[in-house]
Structures are given as C-alpha cells and as structure tokens.
Amino acid sequence: MPDTAVPTSTSTPPSRDRRADRPVTERRSPLAVLASWDAVVVLALVAVVLVASGLVGGFASGRNVGFLLLDVVAIGLIALPMTLVIITGEIDLSVASTLGLTSAVMGQLWVSGLPLELVVPLCVLLGALLGAVNGLFITRFGLPSLAVTIGTLALYRGLAFVVLGDQAVADFPVSWTDRAISSIPGTSIPQAVVPVVVLALVFGVLLHATPIGRGLYAMGNNDQAATFAGISVGRTKFWLFVSTGAVSALAGVFWTLRYASARADNGTGLELAVVAAVLLGGVSIFGGRGALIGVLAGVLLLGTLRNALQLADVPADTLTIVTGGLLILSVVAPNVVQSVRTAARRRRSARPPAPSP
Amino acid sequence: MPAPRTSYLRVGATSSVLAAALLVTAACGGTTRNESSGGSSAPSGSASAAANPNAPIKEGLNIAFLPKQVNNPYFTVADNGGKTAVDEVKGKYKEVGPSEASASSQVSYINTLSQQQTDVIVTSANDPNAICGALNQARKAGAKVVTYDSDTNPTCRDLFINQATPAGIAEVQVKLISEAVGGKGKIAILSATPNATNQNAWIALMKKELAKPEYSGLQLVTTAYGNDDDQKSFTETQGLLRSYPDLKGIISPTTVGVAAAARYLSGSQYKGKVALTGLGTPNQMRSYVKDGTVKAFALWNPADLGYLAAYAGAALASGQITGATGEKFKAGKLGERSIEADGVVLLGPPTEFTAENIDTFNF
C-alpha cells in the first residue's frame, strides 16, 4: 500500500528530537526578556536621563522637562499610528505635509472668520480625508505605499502653499495659544501631553490586545497568508492611513497653536524624525515586528538626547550625526542580534547528544 | 457579510450625525477672529526700574547669538563682530542656531538658552511671530532680547538693531539696478525665505520705489525665493532666466542669493547681458565684480551690526537703558547711539561696493 512506503526516520535518537522540539521559551532565563529591543531602548532612555541629569547643567529641572515634552508632542502623536502602519509593512511619508496643509487651512479658515471650535474638528476631518486619499491609492489601486506617500508628500505641501501662500497667520487668541503650552496645574508637565497619553493607550490596546492588532502583525509578515486567513487586509490598511492622516492633522493643530503661527512650511522634514523614532523603537521596517512601548521610549530617547546635547552646547550638525547614527544602529542591531541568535541555536541543535548509558 | 444597503445606511447615519454635530458647534458661536484680541501677550513690563545711564556694564554677562541659521557667511561675520564686543565688555559669548532657516527650529534653541540662564539673547528672526511665545517666556525668566538683521513683533523683544532704514536699503537697490540696466527693462527679485521680516519689508518698499516716475522704465515681473540655500538660489536663478528670457536685471537682497545668482550668471550665456545687484559680502562677490558679472552691490558692515547688538544687549542687562525712545548708550568704538521710536537702533546708511573700492574690505 502506498502510504506504508512513506519513510519514517527511526534512526534519530529520541534525545536529539526532544531538544530540537522543545520550545525556546522554556530554556530562557528571566533575564532574557531584557534582551528584547524594547527593553534595550527603555534602559537606554533611563541611562541617558541619569547621565544627563548628572553631567548637563540645567537638565534636571521641571521647566526643562516641560520644554522637552513640548518638543516631542508632535512627533509622539504621529509616531503612534505610524507604528501600526509600519508593522503592516507599509509606510506613510506624507504625515509632515498633512501637518503643514492642516496648519495652512487652519490659518485660512481662521482668517475667514470661522470660530476656532469649528475650525479644529474640520481640520482633523481634512486630515482624515487626506489619509483616505493615500489609503485609496494604496489599497484600491495596489500601488506601493512608499511611492504614493512620497507623491502626496509633495502634493500636500504644494497645496499648503496654494492655500496660504507665503504669508503666516499669527493672530490666534491668546487663551488658545497659552493653553497649548501651559502645564497641568501643580506640575511642569505640559497639558499637551494628555492627548498623546490617551492616544497611546488607545493604539496600544488596539495593537497588543485586540484581534485587529494580531491581524496587523500577520499582514506585516505575509500579506497573502493573512488574506487567506480571513483578515480584510485592504480595509484595515485603508483605515490605518485614515488614522495617520487624522492624527497628523491633530498634530498640525497643536503645532499651529504652540508656535502661534499658521504657515505653509510648518513641520517640513518632520516625517523623517517620526520614522527615525519608530524604527529606533524596534519596529522592523519590513513589517511584522515591534511594540508600542519601544516606540514611545524611542520618541523620548531622541527628544531627551536632543535636549541634553543642546543644553551642553553641542552644535546643530553633531545632533544630526547622533540621530543618524542611532537610526542606523536601530536598524542594524536587531538584525545582527537575530542572526547571532539563529547561528547559536543552530550550533546548539547540531551538537551531538551525550551517549545514552 | 452585511448587505451593501445596510453598510451604506451606517455610513450615511454616521456622516449626518457628524455634520449635525459640527453645525451645532458653529451655531453655538465660538472664538472668532473679530471678537478675540489676538496676537501674543506682552510680558508685564519687565520690572521697569528707571534707566541708569551711568551704571557700569556688568561683568560676566552671558550673551548668546541666535542667527537665522548657522554656517551662513553673513551671520558668521556678524556674530564674530558680536564676539569682539562681548570680549570687550568681559562677557561670555556663544553662538547657537539651526542649520536650516526655519521658523520653528529657533524656538527650541531659545528655550535652551533660557534654561541656561542666558542674560542676553541676540537673534535674527526667521518669522516675526513664531518665536514670540518662546522669547516672551525667556524674558519672563530674566533674559533681555535684542533682535538684529530681521525683527520680530515689537512686543516680544526689547530692542531692534536695524542695519539701515528699510527705505534706504530699498532705494539703493533700485538705484543700482536702474543704473546697471540703463533705466529700462524687466527685472526680478531673488529673495530668501518667503516669511523673513526684513526681506518682505524691503521688497514692499522696493515696489513703492519702482512706482516712482524716474523708474517707470523698469518692470518687476516676479519674486523668486531661494530660501537662503545656495543650491536652491542657483536653480531659482536658472528658472527665472528660462521663464523670462528677456529679463534684464535681478535684485537679490540676500548674501546667499546674490552669490549663487552671480555664480550662475558668470558661468552662463547671460554674463554681461543680465545685470545683477543685491546685498552681498565683499569677499564672496569680489571675483564677480572683477569679471564684470556684477557692477555694484551694497551692504553694511555686518560685523558692526553684531558689535552694536552685543553692546545694546549688555547696556540693557546692566540697567543702563530700558529700551524707551530717546535713551542713549555707548557702543564701544561705534560711539554713542540713541534709541529711535519703537525700540529701534540704527546702524547707518548702506555702503556701495564697486570694482574701485572692493579691495579695501575684508569680510
């Protein structure tokens, strides 16, 4: 009969099979969790904060923490949906241009006399729409997200200049602009941090504790397999891009109020800082891997480094070099660690077992 | 899978609810432009003790220069002039700044300087309003703010050192281009960044100057923006000549722009046919004046500008002046200076550079 001809390997000793079959997690010590990239970034952040508090004068003060947090709010906001997008294997480089266009529209609407309470939700809606355009091109027409979002990066920035021209709108009411930079009473933490924390919780729960989140990892690892497993890849990616657009618009509103100036060139180049922070946080650019806690730590790490180095009078170009170096490290290191681990595991399972008595 | 009709119903329902919510917020009124006071809040008059003109300049003052961008030759010269002055008053000098001339990048440097307990911040603004909030916070924390080269909104600085009156600069630019093209023809302006306060002030006055009857033969066709970036200014000049092949002259009131435009013209078929003038430093423009690409251009001594700004800041921080109109202070080798209306201190009239006198300058 045909199936009895199927060869079974009876020659391999049982001990070797068991060692190869045993799940890896059983053998890892508790310290192994520290080897995950997220933990490395969090530890690095703690280390930088401690070193800076000791060495850099003026760093360890409430006022400075306030400045630091204000500087990272915009990047932190946009990094949240960007993490989800990169985990699915896509990327959205148009976020800074969405921020700029929203800022320009906000200024234009304000000049035309609309109340701010209406202008802000309208701008967030606009951002969602801009994100939907991205999503449409990527999911319906199947174009690569890198190409589409580079195109919309230029398109939206150009539209921002069409809307507002070379002017800046700067006469926003003091009550609103003060609220954008004021601190929570009793502390020196800016109020603007609250929406970031809330959104971080929302996106964190979505990514790590819901089936949708698991689906994102599946999509990032293998699009086709995810589709066959029943995940609606197209629809999920579409809504991800809508959320990137909406959150970028929210960041644009904050940016405009914080600098009290609506300009068409607000936020130019911010998309690179966001992507750098996300990649530093351990999210793989190829998709399928990463955690939100690492991204938050990455955002704070970059912000803290910038703040500390600036306080230590390090010139602007060196700051760029440090950021670039960190980014390369964050992309190369996990791959190196992974290949070292794989090689070690292969060596372990290839070792001949002890002879049985 | 839900039937298409149901999902359309759901979409329709959510969008109409959203629209209704928005209309309600609009109807209930809110903060509109007409009713709000707008603008940035001025700090509550920095403890205006009366000025004491005989107060000595404090030693060890931290004076920091924050130009539009670092690695810009014009600002390097100006800030070195400031360094000379700071050394003379025995203070501590520092130059910080972003590498690209953008409005919001100056804010984090202002916050850093304020955190470092700087006594005087001397800055040239990329945008008159974007840095106001940060400057006012710094002033509340005890710093004095002096602007030079490009002003901010007057409510967020203590003094503005103006290199020359904007009208004087505009007049000299228009006069030079008119002489260079022979009084007739199309001209264009190659500016820096679209929002720079000083650029926009000069361009507006140049347009007013061009409306005068003696310049009726000149026609301003467009204004291009090189963003104070050498490469962009170069390609913008190319673009200008391609869009307007019968262009006779270019005014570039920015040292980066005029150097880039001169570099393009001297290597192209337009050398000698298209006139160029603007605000440039003698060292950058020397070869182009000598080979005939540029007949004459103007500037002031930026080192003097930085020098005067540093002395003004030191006088403010030492209590010699408070920034009110009519007060006087001594500015080292530049002698006694007085404060005009709106907290402005003038450096002097612009200098014209030609092939005859350019070798006598080294900056």
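A residue is counted as buried if 20 or more other C-beta atoms lie within 10 Å of its own, as exposed if 12 or fewer do, and as partly exposed in between, with C-beta atoms placed from the backbone. By this criterion, B:Q106, B:V107, B:Y109, B:I110, B:N111, B:T112, B:L113, B:S114 and B:Q115 are buried in helix α3 of chain B. The model is predicted, so that local features need pLDDT of at least 70 and side-chain atom pairs count only at pLDDT 80 or more, while totals for chains, interfaces and linings use all residues. Residues are numbered from 1 along each chain as its sequence is written, and chains are lettered from A and ligands numbered from 1 in the order in which they are written.

Chain B contains ten helices and 14 strands; helices (H or I, at least four residues) and strands (E, at least two) are DSSP runs numbered from the N terminus. The C-alpha trace of chain B spans about 85 × 60 × 40 Å along its principal axes. Chain B has 363 residues, of which 51% count as buried. Two residues are taken to be in contact if their C-beta atoms, placed from the backbone, lie within 7 Å. Among the contacts in chain B with a separation of 6 or more, 74% are between residues 24 or more positions apart.

An automatic or database domain assignment supplies the domain bounds. Chain B is divided into domain 1 (47–163 + 302–347) and domain 2 (166–299). The centres of these two domains of chain B, taken over C-alpha atoms, are separated by 29 Å. Their contact takes 15 residues from domain 1 and eleven residues from domain 2 of chain B. On the side of domain 1 of chain B that touches domain 2, seven residues are nonpolar, four polar and four charged. In this classification Ala, Val, Leu, Ile, Met, Phe, Trp, Tyr, Cys and Pro count as nonpolar, Asp, Glu, Lys and Arg as charged, and the others, Gly among them, as polar.

An open sheet of chain B is formed by four strands in the order β7-β6-β8-β9, with parallel pairing; two strands pair if DSSP finds at least two bridges between them. Strands β7 (218–225) and β9 (275–278) of chain B stand at the edges with a single partner strand each, so one side of each has no neighbour in the sheet. From one strand to the next, the twist averages 20 degrees. Strand β6 (residues 185–191) of chain B runs parallel to β7(B), to which seven bridges join it. The bridge partner of B:I187 in β7(B) is B:L220. Two helices of chain B pack on this sheet. Helix α5 (residues 166–181) of chain B touches β6, β7, β8 (247–252) and β9 of chain B, and its direction makes about 165 degrees with that of β9(B). Helix α7 (residues 230–243) of chain B touches β6, β7 and β8 of chain B, at about 160 degrees to the direction of β6(B). For these angles, axes are lines fitted to C-alpha atoms, for helices over the stretch in contact, and values run from 0 to 180 degrees between N-to-C directions.

Between the chains, 36 residues of chain A are in contact with 38 residues of chain B. The elements giving two or more residues to the chain A side are α4 (62–87), α5 (95–111), α6 (116–140), α8 (174–181), α14 (292–311) and α15 (316–350) of chain A. This side of chain A has 19 nonpolar, eight polar and nine charged residues. Helix α3 (residues 105–115) of chain B is mostly covered, with nine of its eleven residues buried. The cover of these buried residues includes α4 and α14 of chain A, together with β1 (62–66), β3 (120–123) and α4 (132–140) of chain B. B:Q117, which follows α3(B), has a positive phi near 60 degrees.

A nonpolar core is a set of buried Ala, Val, Leu, Ile, Met, Phe, Trp, Tyr and Cys residues joined through C-beta atoms within 7 Å. The largest such core has 194 residues, and those with the most contacts inside it are A:V274, A:A277, B:V122, B:I161 and B:A312. Helix α4(A) provides the largest share of this core, 17 residues. Domain 1 and domain 2 of chain B both give residues to the core, so it lies between them. Leaving aside residues up to four places away in sequence, B:A312 touches B:V146, B:L159, B:I161, B:F329 and B:V345.
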